[in-house]
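Dear colleague,

Please find below the structure that I am handing over to you. My notes on what was found in it follow directly after.

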Amino acid sequence: MKFAATVPNICLSLLSVIASFSLLSPVHAQVKLPSGSTQVQPIDPNDPNTLRPTGQTASVLSLEGGKRLMSEASNAVASQNYSLAADKLKEARLVFNQLSNFYQQLNSSFAGIDNRLADSQRKKALSTAQMRDEATYQLALVHRAQNKPELAVPLLVQIIKSQNPTRDLGKKAYQQLFELGFVDSPFGKGGNASSSRK
């Protein structure tokens, strides 16, 4: 009988100890930075519920992360490791595309509510879309260097659709298609349909 009465008392004692630990102030609590970084950042014990932007320099899903992938791809191209360069550029395209989509979604969410924020997100969406198209162009060039025009052509067409053939990157993409023999008419300087009508 004594044993049966002792078990609930021990359980009650353990619960009170656990409860008292949970009420203690988290003065030494730490939180890991994004993307599994090994650095830790202490939480401000005076204001633990306030979130602050981290700048996301360590995160792959950031402008810095995408630029880092582009730089790694450039180094791989310089050492003629086209396979690695292609992988890095594919990752960079994905990062910039996701960022652009997220910024577009934020723009839509804030449109009509806070136009300052909506405009800021729209500009970021355009900027990251431009970076995505630049990564796409570099990837197409890598595929050309690998003698894989069947992989380069769809990327170049995507760039023209995204950029417009009159913008710099669109013109360069069309020129690549012309050099590959995918199109047979040059564009610009005499090949432009609007200039031939004048």
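Predicted model: local features only at pLDDT ≥ 70, side-chain atom pairs only at ≥ 80, totals over all residues.

In which helix is His143 found? His143 is found in helix α4; helices here are DSSP runs of H or I with at least four residues, strands are runs of E with at least two, and both are numbered from the N terminus.

Residues are numbered from 1 along each chain as its sequence is written, and side-chain values use heavy atoms, with hydrogens and water left out.

The chain as a whole

The chain holds 7 helices and 2 strands, and along the sequence they follow the pattern α-β-β-α-α-α-α-α-α. Of its 198 residues, 24% count as buried; buried means under 20% relative accessible area, exposed means over 50%, and partly exposed lies in between (1.4 Å probe, protein chains only). The chain exposes about 13600 Å², of which carbon and sulfur atoms supply 57%; these areas come from the Shrake-Rupley method with a 1.4 Å probe, and for residues only the protein chains shown count as cover. Among the contacts (heavy atoms within 4.5 Å) with a separation of 6 or more, 46% are between residues 24 or more positions apart.

The 31 residues of α4 should span 45 Å at 1.5 Å a residue, and its end C-alpha atoms are 45 Å apart, which agrees. The expected span is 1.5 Å times one less than the number of residues in the helix. At the start of α4, a side-chain oxygen of Asp114 reaches to within 3.2 Å of the backbone nitrogen of Arg116. Asn147, which follows α4, has a positive phi, near 60°.

Is His143 buried or exposed? His143 is buried, because its relative accessible area is 5%. Not counting residues up to four places away in sequence, His143 touches Lys148, Leu151, Ala152 and Leu155. His143 and Leu155 are 12 residues apart in sequence, and their C-alpha atoms are 9.7 Å apart in space.

Helix α5 and Gln163

Gln163 lies in helix α5 and is buried, with a relative accessible area of 5%. Its side chain makes a polar contact with the side chain of Asp133, at 2.7 Å. A polar contact is a pair of N or O atoms within 3.5 Å; within protein, one must be able to donate a hydrogen and the other to accept it, and residues adjacent in sequence count only if both atoms are side-chain atoms. Leaving out residues up to four places away in sequence, Gln163 touches Gln130, Asp133, Leu169 and Gly170.

The nonpolar cores

A nonpolar core is a set of buried Ala, Val, Leu, Ile, Met, Phe, Trp, Tyr and Cys residues joined through side-chain atoms within 4.5 Å. The largest one has 20 residues, and Leu156, Ile159 and Leu177 have the most contacts inside it. The elements that give two or more residues to this core are α2 (63–78), α3 (82–110), α4 (115–145), α5 (149–163) and α6. Helix α5 gives the most to this core, with 6 residues. Apart from this core lies another, of 9 residues, among them Leu69, Val95, Leu99 and Ala135.

Helix α6 and what follows

For α6, 13 residues at 1.5 Å a residue should span 18 Å; its end C-alpha atoms are 19 Å apart, which agrees. The buried residues of α6 are Leu169, Gly170, Ala173, Tyr174, Gln176 and Leu177. They cover an arc of only 155° around the axis, which puts them on the same side of α6; the arc is that of the directions from the helix axis to the C-beta atoms. These buried residues pack against α4 and α5.

Gln176, which is found in α6 (residues 168–180), counts as buried because its relative accessibility is 10%. Setting aside neighbours within four places in sequence, Gln176 is in contact with Tyr137, Leu141, Arg144 and Leu156.

After α6 comes Gly181, with a positive phi near 85°. Phe187 is found in the loop between α6 and α7 (193–197) and counts as partly exposed, at 29% relative accessibility. Phe187 and Pro165 are 22 residues apart in sequence and 8.6 Å apart in space, C-alpha to C-alpha.

With kind regards
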